[in-house]
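Me: I have a two-chain model open and would like to understand how the chains meet. Could we go through it slowly?

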Number of protein chains: 2
Amino acid sequence: MTMKQITLRSRPVGSPEPGDFALIETPLPTIGEDQILVRTLWLSLDPFMRLMLDEKPFGMAPEMAVPIGAPMPGSIVGEVIETKSAAYAVGDLIEVRASWSEYVAVSTATPGLRKVCVPAGVSPSTTVGALGMPGQTAYAGMVKVGRVAAGETVVISAAAGAVGTTAGQIGKILGARVIGIAGGPDKCAAVKAVGFDDCLDYRDPDFASKLAAAVPEGIDVYFENVGGDVTRGVLPLMKYGGRIPMCGFISLYGEGEESAGPDQLPWLLRMMMFKGLEMRAFTGAGVGGAEALEKLGQWAAEGKLKPVETRIEGGIAHAPLAFSGIFGPNRALGKLVLKVAEPV
Amino acid sequence: MTMKQITLRSRPVGSPEPGDFALIETPLPTIGEDQILVRTLWLSLDPFMRLMLDEKPFGMAPEMAVPIGAPMPGSIVGEVIETKSAAYAVGDLIEVRASWSEYVAVSTATPGLRKVCVPAGVSPSTTVGALGMPGQTAYAGMVKVGRVAAGETVVISAAAGAVGTTAGQIGKILGARVIGIAGGPDKCAAVKAVGFDDCLDYRDPDFASKLAAAVPEGIDVYFENVGGDVTRGVLPLMKYGGRIPMCGFISLYGEGEESAGPDQLPWLLRMMMFKGLEMRAFTGAGVGGAEALEKLGQWAAEGKLKPVETRIEGGIAHAPLAFSGIFGPNRALGKLVLKVAEPV
């Protein structure tokens, strides 16, 4: 019996293209002692995965690089269909870091393997979204690193993304005024519908002046997801002593270590200096941890947090196109998940 | 009766030169109610003053720019020689932000005006050094922002400077292993004599590998005074979750907002991201505050902290040359003060 799987065909130059990946037919994995066979229901597609497609992934151990011809790594939500572990029963839903495959064999000792636990009425796919790693990231950035307080002004870039849509809702739960930044009027309208107080279009030629008008007293916390021109527009509006939780830099993921000049590093350092800014990079799992998952689940159960997802249908074969779309101008609202199969 | 004063003749391009300043003879100021006339004994010469010599001082209010022809601003330690205030007596020693002048008239309402209070045997000039603003900066960076703990490894750039020599001694008081970075073997020897565990010469062609060998377990805290190539050498050696108190960037003070490419900003952001770094800019007065002055005075009285100063003789006329020297390769060890006059 065979299954479909996506492998890396060639290393992307800049943003990934569907042609960088290959769809193969391969035998179904078999399982040994303390393993489970899992049928993939949902595949998570995340911007940071781009980094592992370089031969030398910047800042990561070299073995994190996906070898050419190897299956693409990715988090999945799946259903146990065969078990050789007393801890997992057939029919259990689990989340695990696995691959872009219709079926995966998982050792029960795999770090991060967990059973799906979502409130009634919430899709299991949110286990890789607002109630999973992207949610932890939003929580860590807003609560632990950003230390957002009631009455403060928070600006969130990539507001329409998986992290951004969750971070904005957390900001409102914390009592802050929350301004999003997103690309295009439709995206901004969607961000406002999620609950943000306002949203500004970074493609608008008057972006900088409109942002300044939207934060007359300055910005207490800037949740950084983007880098580049957006950051350049935001930093001059920070209050003295402002905080910048740094989640990621989607605008830079396809670039090398150095970009064409001019060198903007002196600008950043001076801006930090004269505004007494604090920037801290973090990961959701490391900083948000179990506390984040608990709080997010509680807010979702109370109806205060509504996970925002875009679900793509069509099975594993659509993964390359869906993943490449993250880096284009029309990326999905909220967490992007690919529906691989229906539960049995 | 006249006095000597230094004014700004022309705006420096890059590092300041003595010819950018003028020595003038001008009438002694007279004082009104609640003012004191002060005879300057010591003039403080600090790198950050370079920033106010630009027409539009980056990140500061435009009125912070020193106008062409105006007296150069600077902190002084002086002796009250005439008083129209009940709070100040003739003979009192004070510190105040004033100008490069032999005499200054000071309103007693001037923010930051304070009486000199140093332990017995310590020079009053340290009131603008290790027991003043540079000391507050060192304290803020090591204790409040860097949160240096016993057993940690701390690297301090511009280790031979006013802030660096104080920060290094604070690091030893806190029980940390302290590595300095300075320019040239003589400067490094002097830094080690101050109490640093080691000091590396950034001009050494093998600087990066020697630094790596000196911190086999990585760096917990990097006290940033420099920017540029030194920062580029240090950041890859930071431990995950390391802290970077940012005091200033002497290597950038003569540069415009943007420098020639390549753009090193993406490099910095990725490095921060993958090492989960925290960078925070701060000022000594704002973050160190009164707590810093109290602690520094106590350590000095106990003999644990020995202020490091270079004293230049020769009166106010030497200020332009002494100030320009800060930006050259052979700048002074510790805090640079110009002796303007002997106390009466």
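Me: How many salt bridges does the rule find across the interface of chain A and chain B?

Reply: Across that interface the rule finds zero salt bridges, where a salt bridge is a side-chain nitrogen of Lys or Arg within 4 Å of a carboxyl oxygen of Asp or Glu. Please keep in mind that this is a predicted model, in which local features need pLDDT of at least 70 and side-chain atom pairs count only at pLDDT 80 or more, while totals for chains, interfaces and linings use all residues. Residues are numbered from 1 along each chain as its sequence is written, chains are lettered from A in the order in which they are written, and side-chain values use heavy atoms, with hydrogens and water left out.

Me: Which strands join across the two chains?

Reply: E13(A) is joined to strand E13 of chain B (residues 278-281) by three bridges, and the two run antiparallel; strands pair if DSSP finds at least two bridges between them. In this pairing A:Arg280 stands opposite B:Glu278.

Me: New topic: how many salt bridges are there over all chains?

Reply: The count comes to 32, and one of chain A's joins A:Lys144 to A:Glu291, with the closest N and O atoms 3.0 Å apart. A:Lys144 lies in helix H1 and A:Glu291 in helix H7, so the pair links parts of the chain 147 residues apart.

Me: How many helices and strands does chain A have?

Reply: Chain A has eight helices and 15 strands, and its C-alpha trace spans about 60 × 45 × 35 Å along the principal axes.

How values were computed: Helix = DSSP H or I, 4+ residues; strand = E, 2+ residues; numbered from the N terminus.
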